[in-house]
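This briefing is intended for a reader meeting the structure for the first time. Please view the sequence and the model together before reading on.

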Amino acid sequence: MNFKTNEFFQQPNEIFHISSRVPKICKEKDCILGIDEAGRGPVLGPMVYGASYYPADMKKDLEQDKFQDSKTLTEKERSQMFEKINSGYEIGWNATVLSPMVISNCMLRRAKYNLNSLSHDTAIALIQKALDDGVQVKEVY
């Protein structure tokens with residue numbers, strides 16, 4: 001997938017959805033799905049919401065390889081984990097990027113749609129996307 005940040009800012013009213021292929025095993029076995037967000041919101045840039053899922057029986061392998069909150073890892077460790085995800089693990093993901101203008105427009109509506117509600121609904125949509133793609137989601141974090 002070719003996703004260029006500068007293209008995003010040329011379309012300030014956009015919501016982008018991107019995703020990986022769904023590993024076959026994630027359609028066959030019970031899976032764990034985790035959601036996280038990053039960004040500073042309408043003033044300083046986009047908000048990015050991501051979901052990642054994998055077979056529940058891989059949990060111990062991932063813990064052993066120290067998959068955890070990326071803020072506790074060095075840039076080198078994050079890069080190494082990204083390579084592992086792309087080369088060997090049966091992990092799927094999807095993400096939604098909300099432009100600052102989308103967030104601002106939601107909060108400035110006559111009937112307010114605040115960042116908490118927007119965040120909640122975006123997370124639910126990520127889960128629904130995984131389910132629609134056939135992922136056997138059994139746990140959500």
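The model is predicted: local features need pLDDT of at least 70, side-chain atom pairs count only at pLDDT 80 or more, and totals for chains, interfaces and linings use all residues. Residues are numbered from 1 along each chain as its sequence is written, and side-chain values use heavy atoms, with hydrogens and water left out. The protein contains 5 helices and 5 strands.

**Overall fold**

- Along the sequence, the elements follow the order α-β-β-β-α-α-β-α-α-β; helices (H or I, at least four residues) and strands (E, at least two) are DSSP runs numbered from the N terminus.
- The protein has 141 residues, of which 30% count as buried; buried means under 20% relative accessible area, exposed over 50%, and partly exposed in between, using a 1.4 Å probe and protein chains only.
- Of the contacts between residues at least 6 apart in sequence, 73% join residues at least 24 apart, a contact being heavy atoms within 4.5 Å.

**Two buried strand residues**

- Thr96 belongs to strand β4, which spans residues 92–98, and is buried at a relative accessible area of 6%.
- The side chains of Thr96 and His17 make a polar contact at 3.2 Å (a pair of N or O atoms within 3.5 Å; within protein, one must be able to donate a hydrogen and the other to accept it, and residues adjacent in sequence count only if both atoms are side-chain atoms).
- Beyond residues up to four places away in sequence, Thr96 touches several residues, including Ile15, Met47, Tyr49 and Leu126.
- Ile32 is found in strand β2 and is buried, with 4% relative accessibility.
- Leaving aside neighbours within four places in sequence, the contacts of Ile32 include Ser52, Tyr54, Lys59 and Tyr141.
- Ile32 and Lys59 are 27 residues apart along the chain, and their C-alpha atoms are separated by 8.3 Å.

**Salt bridges**

- The whole structure has 4 salt bridges, each defined as a side-chain nitrogen of Lys or Arg within 4 Å of a carboxyl oxygen of Asp or Glu.
- Arg21 and Glu90 pair through their side chains at 3.8 Å, N to O. Arg21 lies in the loop between β1 and β2 and Glu90 in the loop between α3 and β4, so this pair ties together parts 69 residues apart in sequence.
- Arg21 is exposed at 56% relative accessible area, whereas Glu90 is partly exposed at 30%.
- Lys29 forms a salt bridge with Asp57, with their closest N and O atoms 2.8 Å apart. Lys29 is in the loop between β1 and β2 and Asp57 in the loop between β3 and α2, so the pair links parts 28 residues apart in sequence.
- Asp133 and Lys129 form another salt bridge, at 2.8 Å from N to O; Asp133 is partly exposed at 24%, and Lys129 is partly exposed at 32%.

**A pocket**

- The second largest pocket has a volume of about 150 Å³; a pocket is an open set of points on a 1 Å grid over the protein atoms alone, with protein on both sides within 12 Å along at least five of seven lines, and lining residues have an atom within 4 Å of a point. Grid points are joined across faces, edges and corners, and a volume is the space filled by probe spheres set on the points.
- This pocket is lined by 11 residues, and Arg21, Ile85, Asn86, Tyr89 and Ile91 are the closest to its centre.
- Helix α3 gives the most to the lining of the second largest pocket, with 3 residues.

Key: 1 Å grid on protein atoms, 1.4 Å probe; cavity = no way out; pocket = protein on both sides within 12 Å on 5 of 7 lines; lining within 4 Å.
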